Amino acid sequence: MSVGLNTYLVLAAALFAMGLYGAVSKKGAVQVLMSLELMAVAVSLNLIAFSRYVTPIEMTGQFFTVFVMVVSAAEIGLGLALVLAIFKSARSSEVDSLNELKG
Amino acid sequence: MADVYGLAAFAVLAVATLAGALGMLVARNVVHAAYSLLAVSVTSAGLFALLEARYIALVQLLVYAGAVAILNIFTIMITLRRREDAVRSRDFSLPGALLALTFFAVVVVAVLDGGIATRTDVLAFPGVIEFGERLFALDGWALPFEISSLILTAALVAAVWWTREGGER
């Protein structure tokens, strides 16, 4: 058995599925953000595996990973700031407590 | 022999990454979940290094294992009022599990069915120097890279704006 592109793709799919499950099932806002982060890591792993096995000289996947990292770092920074802002006004960081817009 | 070492390294890193992700999902203590995510960041940096992406592996360690993990832990500590708040019920969601399993099955079928043409003729992979030259080449990735730095600046200014003291609501 040798490690190839498919091995990495399946591993990244497993990581992404776990992150997806966490993002829809967790109740704490910080945990939802951590699950999103797991999904971003899975996407980066996918892109780097493609870069290594399909475009090793051009390194296209690695440059895409740089942009994925920038966007997900911005997302985590904004998300955690939003959690803190919500915590200050609602005294809670549970996703279920954010129901003020309910009719 | 090098193949055996590569396979062993991949096996260890892959199992550790999956175990960390699983640990993050089943941890009842939020702080333990944050540390599991830190472990996932470190082991996935190892996987990136195995895939000849040395610069990305280092950035992964700096950004995710360094900065983001600390941000996570700080936010958890600030939003917990008592120590007991860290321990939570394990939120199981059947629709979520079905969604994730369906996604995983579809991707696995697509991957095994795909037959993506891979290159096996490359023996010397470009290193950090070539990566930097391509990243900052004017006809390459320089413009998107500068735009992404603008996005990051705007996001961080917004983060400070949201969390500042005494803001009007």
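In the predicted model, B:G46 is found in helix α2 of chain B, where helices are DSSP runs of H or I with at least four residues, numbered from the N terminus. B:G46 is partly exposed, because 19 other C-beta atoms lie within 10 Å; a residue counts as buried with 20 or more such atoms, as exposed with 12 or fewer, and as partly exposed in between, C-beta atoms being placed from the backbone. Between B:G46 and B:A57 there are 6.7 Å in space, C-alpha to C-alpha, and 11 residues in sequence. Residues are numbered from 1 along each chain as its sequence is written, and chains are lettered from A and ligands numbered from 1 in the order in which they are written. Because the model is predicted, local features need pLDDT of at least 70 and side-chain atom pairs count only at pLDDT 80 or more, whereas totals for chains, interfaces and linings use all residues.

Within chain B, helix α2 (residues 30–50) has the highest confidence, at 93, and helix α5 (residues 128–135) the lowest, at a mean of 88. For the complex, the predictor gives an ipTM of 0.88 and a pTM of 0.89.

Chain A and chain B meet through 57 residues of chain A and 67 residues of chain B, contact being defined as C-beta atoms, placed from the backbone, within 7 Å. On the chain A side, α1 (5–25), α2 (29–53) and α3 (60–90) each supply at least two residues. The largest share, 20 residues, comes from α3(A). This side of chain A comprises 41 nonpolar, 12 polar and 4 charged residues; Ala, Val, Leu, Ile, Met, Phe, Trp, Tyr, Cys and Pro count as nonpolar, Asp, Glu, Lys and Arg as charged, and the others, Gly among them, as polar.

Helix α3 (residues 54–79) of chain B packs against α2(A) at an angle of about 175°, with the axes 11 Å apart. Axes are lines fitted to C-alpha atoms, for helices over the stretch in contact, and angles run from 0 to 180 degrees between N-to-C directions. The angle therefore makes α2(A) roughly antiparallel to α3(B), a term for angles over 145 degrees, while those under 35 count as roughly parallel. The residues of α2(A) involved include A:V30 and A:I48, which belong to a set that meets residues of α3(B), among them B:I56 and B:T79. By class, this contact has 6 nonpolar, 3 polar and 1 charged residues.

The axes of α3(A) and α3(B) come within 11 Å and cross at roughly 10°, so α3(A) is roughly parallel to α3(B). The contact of α3(A) with α3(B) has 13 nonpolar, 5 polar and no charged residues. The 31 residues of α3(A) should span 45 Å at 1.5 Å a residue, which agrees with the 44 Å between its end C-alpha atoms; the expected span is 1.5 Å times one less than the number of residues. A:R91, with a positive phi near 55°, follows α3(A).

Elsewhere in chain B, helix α4 (residues 94–114) is hardly covered, with 1 buried residue among its 21. B:G115, which follows α4(B), has a positive phi near 60°. In helix α6 (residues 142–163) of chain B lies B:V157, which is exposed, with 10 other C-beta atoms within 10 Å.

How values were computed
Contact = placed C-beta atoms within 7 Å. Parallel < 35°, antiparallel > 145°, perpendicular 65-115°, else oblique. pLDDT = per-residue confidence, 0-100.
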